[in-house]
Amino acid sequence: MTDYRDRWLLSRRAALTAIAVGAAGVTAAACSSDSDSPGSAEESKAPDEPKADIAYSPALDTTDASPIDEVSVKVTGGVLNPDVQLTNANGRVVTGELSPDRTTFKITEPLGYGGQYTWAGSAMGEDRKPVQIAGTFGTLTPDNQISLVINIADGQEVGIAAPLILKFDGVVTDKKAVEEALKVTTTPETEGSWAWLGEDGGSRVHWRTKDYYQPGTQVSMVGKLYGVNYGDGSYGEADVTSDFVIGRNQIVKADADSHQIVVQNDGNTLMTLPCSYGEGDLDRNVTRSGIHVVSEKHEQFYMSNPAAGYFNVLERFAVRISNNGEFIHANPETIGVQGSSNVTNGCINLSLSDAERYFNTAMYGDPVEVINTRIPLSEADGDIYDWIYDWETWTSMSAIAGDPEVKSAPATPENAPDVSGIPSTPVNSGAPQAPVG
């Protein structure tokens, strides 16, 4: 009996001990889990950084960004919110566009020179954490802004030989950059090329067709020149355009040996007029041979030629065909030899009635093809001498189609002879003044 009770007490003590040890073991294991769990350690760290990445173009804090390069903000790993915007220094919101997938906001208008711009807004990452859009940048300030004038106005109707002329008020060093920003579209398609002519107080580039235009051709030129780097610290001041149409096909055939001009319209003779060309005794009196281009016309024009001894003489129905003083105009003083002898100081003289007839048909850009004189038209003879060059030479003067180094035509030589003297002195006449014969 005693043995049984002792064994029972012993077994009970052992069981209680086992239970106690087991309870202690559970408690210890629980404590160990609290102190060593990875989850608890992460909870003690700072929250994760947002996963969305923002990229700015140009980079923030840039001070000399081009006003025409891409200006945008992009997000990777998220989307941009509709509140993204760019403002200028005056607080005006710059026009921009959010992409359909909301990953890019791009500015759609040029920025100004020397401007300060500020980004604002927000993005939402794929992790649902917001990211702020913020920062500033600045655009470059040119040393010089170059402007230009165009010889043909929008909507103007011109003759079949009219070149398109862009005359800059400063020197363009990077001609290729400028030419790449110019686009000419013709309907019907017409082969043509830009060529850089002589520096004359500034650069100038002409667009000329390989052959005369077809009548009715529509011409459109777009020059995205604002913001273009012209070189040497100069930039384009503004974009330019020119949209015009080619008129009827009229050509003046001017054979000095015939002592007459033949005005042709679409290949048919419109009129044959007796005239007198320049006397060939002195270089200044020689009417130049070559394709001239009508550039202006005036019903009344005061002309001077000191070398020939006359000043401010009123002439009628004057059509300019070059900037060296060559006109087709009325001159009653030579009417007795018109049709039989060349006696003028370089101009083509007609009778009053014939000059008026021709004047009424003449248009800017008409070709006047002079032949059989001893001096050819050249760069010494003014702004429009484009047709003295064959096509291979003309295209070689392009900064793109030509040689790597542009073969620019020379400027007008300082010692170039005047066909018809020098500019007339001003008079209170209301009529234009010009050198003429």
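**View 1. Which side chain does R374 meet in a salt bridge?** The partner is D283, and the two come to 3.0 Å, N to O. R374 lies in the loop between β28 (367-371) and α5 (391-396), while D283 lies in the loop between β22 (268-274) and β23 (290-293), so this contact ties together parts that are 91 residues apart in sequence. This is a predicted model, so local features need pLDDT of at least 70 and side-chain atom pairs count only at pLDDT 80 or more, while totals for chains, interfaces and linings use all residues. Residues are numbered from 1 along each chain as its sequence is written, and side-chain values use heavy atoms, with hydrogens and water left out. A salt bridge here is a Lys or Arg side-chain nitrogen within 4 Å of an Asp or Glu carboxyl oxygen; helices (H or I, at least four residues) and strands (E, at least two) are DSSP runs numbered from the N terminus. Both partners are partly exposed: R374 has 48% relative accessibility, and D283 has 39%. (Buried is under 20% relative accessible area, exposed is over 50%, and partly exposed is in between, using a 1.4 Å probe and protein chains only.)

**View 2. D381 and R288 make a salt bridge with 3.6 Å between the closest N and O atoms.** Here again two loops are linked: D381 comes from the one between β28 and α5, and R288 from the one between β22 and β23, 93 residues apart. How accessible are these two? D381 counts as buried because its relative accessible area is 4%; R288 is buried too, at 2%.

**View 3. E70, K74 and K106 belong to one network, joined by salt bridges that share partners.** Take the K106–E70 bridge, at 3.8 Å from N to O. K106 sits in strand β6 (residues 104-107) and E70 in the loop between β1 (53-57) and β2 (72-76), which puts them 36 residues apart. Both are partly exposed, with relative accessible areas of 38% for K106 and 37% for E70. Across the whole structure there are nine salt bridges.

**View 4. Time for some rings: the structure has twelve aromatic pairs.** One of them is Y56 with W119, a tilted pair at 6.4 Å centre to centre and 50° between the planes. Y56 is in strand β1 and W119 in strand β7 (residues 116-125), so this pair ties together parts that are 63 residues apart in sequence. (Rings of Phe, Tyr and Trp, the last by its six-membered ring, pair if their centres lie within 6.5 Å; planes under 30 degrees apart are stacked, over 60 edge-to-face, the rest tilted.) W119 is buried, with 2% relative accessible area.

**View 5. Two tryptophans have a charge over the ring: W196 has K175, and W394 has R208.** K175 is 5.5 Å from the ring centre of W196. For R208, the charged end is 5.0 Å from the centre of the W394 ring. (To count, NZ of Lys or CZ of Arg must be within 6 Å of the ring centre and within 35 degrees of the ring normal.)

**View 6. Four strands line up as an open antiparallel sheet, in the order β10-β12-β15-β14.** Which strands stand at the edges? They are β10 (148-150) and β14 (192-197); each has a single partner strand, so one side of each lacks a neighbour in the sheet. On average, neighbouring strands are turned by 20° against each other, direction ignored. (Axes are lines fitted to C-alpha atoms, for helices over the stretch in contact; angles run from 0 to 180 degrees between N-to-C directions.) β10 pairs with strand β12 (residues 164-168) over three antiparallel bridges, and I150 has L166 in β12 as its bridge partner. (Pairing needs at least two DSSP bridges between the strands.)

**View 7. The largest nonpolar core has 37 residues, with L166, F168, W194 and L225 making the most contacts inside it.** At least two residues each come from β12, α3 (175-180), β13 (182-187), β14, β15 (204-209), β16 (218-223) and β19 (240-246). β12 gives the largest share, four residues. (Such a core is a set of buried Ala, Val, Leu, Ile, Met, Phe, Trp, Tyr and Cys residues joined through side-chain atoms within 4.5 Å.)

**View 8. β19 is mostly covered, with five of its seven residues buried.** Strand β11 (residues 157-158) pairs with β19 in the parallel sense over two bridges, and V158 has I246 as its bridge partner there. β16 pairs with β19 in the antiparallel sense, over six bridges. M221 and S242 are bridge partners, with S242 on the β19 side.
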